[in-house]
Amino acid sequence: MSYTITLALSKGRIFEETLPLLAAAGIVPNESPDSSRKLIIGTNRPDVRLIIVRATDVPTYVQHGAADLGIAGKDVLIEHGGEGLYQPVDLHIAKCRMMVAVPVGFDYAGKVRRGARLRVATKYVQTARLHFAAKGVHVDLIKLYGSMELAPLVGLADAIVDLVSTGGTLKANNLEAVETIQDISSRLVVNQAALKLKHAAIHPIIEAFRAAVGDGAPAA
Ligand code: PRT
Ligand code: MG
């Protein structure tokens, strides 16, 4: 089977929230990545397949043209840099906020005012670097790959930069958010060369996603 269009997705919340948008574009996966271990999933359309990759790897597959399209969180796109990618549609899915959090009672504002140097643990090093540089806050960034909430509890860091949706994880670990860095949602990303070479196939998919999320602007 030769596929015209490959779409990169991560399983979990992005896959679940993308299903209705795919349906609006007339695309229905043949199986779910949660019940199947397959990494390449066919759809009702013989010319469209899905590939299942880690959320942080979606921009890489699309940048290199291994996928024509993908869906990735703004958090992931900021860290990746967005090179070689069009980001034509904000899908308003997998919403959360990128925030600075500290142990309850830690005087973050006071430390910042006094120009103290803070140790900040995060998976989002680029985002954190830009944020604290813009505020003129001196930080030592400590790169972690997960469970950032633990770092302040065991003395690895004073603060963390992480995604917050319900706030339940912060609360359970006696942490509180003290600053919002930015609102996050997932974006449709498109390989720039593929958009030109496969325009007839890709353009209608972009337009269907755009219509499904109620965005009236014309596609790239
Ligand atoms: O989980 P895995 O290590 O496989 O990969 P991933 O974390 O990169 O993927 P996934 O599927 O968990 O997240 C994919 C995308 O969903 C992210 O890139 C974000 O754009 C978006 N998203 C939306 C979130 C959240 N909400 C979210 N709450 N991603 C992660 N979280 C985590 C957060 O890091 C924290 O640990 O959930 C925890 C906080 O949740 P609350 O509800 O307790 O506040
Ligand atoms: Mg996760």
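Which residue in E11 is the bridge partner of leucine 85? It's asparagine 191. Keep that pair in mind while you look around; also remember that this is a predicted model.

1. **The six-stranded sheet.** Start with the sheet that E11 belongs to. Six strands line up in the order E2-E3-E1-E4-E11-E5, and they make an open sheet with mixed pairing. Strand E2 (40-42) and E5 are the edge strands, each pairing on one side only. From one strand to the next, the twist averages 30°.

2. Strand E1 (residues 5-9) and strand E3 (residues 48-52) are a parallel pair, held over five bridges. To find one of these spots on screen, go to leucine 9, whose bridge partner in E3 is isoleucine 52.

3. **A helix on the sheet.** Now bring helix H1 (residues 13-24) into view. H1 packs on this sheet and touches E1, E3, strand E4 (69-73) and strand E11 (186-191). The direction of H1 makes about 145° with that of E1.

4. **E11 and its two neighbours.** E11 pairs with E4 in the antiparallel sense, over five bridges. Look for leucine 69 there: its bridge partner in E11 is valine 190. E11 also pairs with E5, again antiparallel, this time over four bridges.

5. **Is E11 enclosed or open?** Count the buried residues and you have your answer: six of the six residues of E11 are buried, so this strand is largely enclosed by the rest of the structure. In a regular strand, side chains alternate between the two faces of the sheet.

6. **The five-stranded sheet.** There's another open sheet to find, with five strands in the order E8-E7-E9-E6-E10 and mixed pairing. E8 and E10 stand at its edges with a single partner strand each, so one side of each has no neighbour in the sheet. Ignoring direction, neighbouring strands here are turned by 30° against each other on average. Within this sheet, E6 and E9 run antiparallel and are joined by five bridges. Alanine 101 is a handy landmark, standing opposite isoleucine 160 in E9.

7. **Two residues with positive phi.** Have a look at histidine 92, which isn't a glycine but still has a positive phi of about 55°. Histidine 92 belongs to the loop between strand E5 (85-90) and strand E6 (96-103). With a relative accessible area of 44%, histidine 92 is partly exposed. Asparagine 174 isn't a glycine either, and its phi is positive too, near 60°. You'll find asparagine 174 in the loop between helix H6 (168-172) and strand E10 (175-184).

8. **A nonpolar patch outside.** Which residues form a nonpolar patch on the surface? They are Leu150, Leu153, Val154 and Leu156, and together they have about 350 Å² of accessible area. Leucine 156 is in the loop between strand E8 (139-143) and strand E9 (159-164). Why does leucine 156 count as partly exposed? Because its relative accessibility is 35%, and partly exposed covers the range between under 20% for buried and over 50% for exposed.

Note on methods. Residues numbered from 1 in each chain as written. Chains lettered and ligands numbered in written order. Predicted model: local features only at pLDDT ≥ 70, side-chain atom pairs only at ≥ 80, totals over all residues. Heavy atoms only, no water. Patch = residues over 30% accessible without salt bridge, like charges linked within 9 Å, V, L, I, M, F, W, Y side chains within 5 Å. Areas by Shrake-Rupley, 256 points an atom, 1.4 Å probe, with all protein chains shown as cover. Salt bridge = Lys/Arg side-chain N within 4 Å of Asp/Glu carboxyl O. Buried < 20%, exposed > 50% of the residue type's maximum accessible area, 1.4 Å probe, protein only. Pairing = 2+ DSSP bridges. Axes fitted to C-alpha atoms, helices over the stretch in contact; angles between N-to-C directions. Contact = heavy atoms within 4.5 Å.
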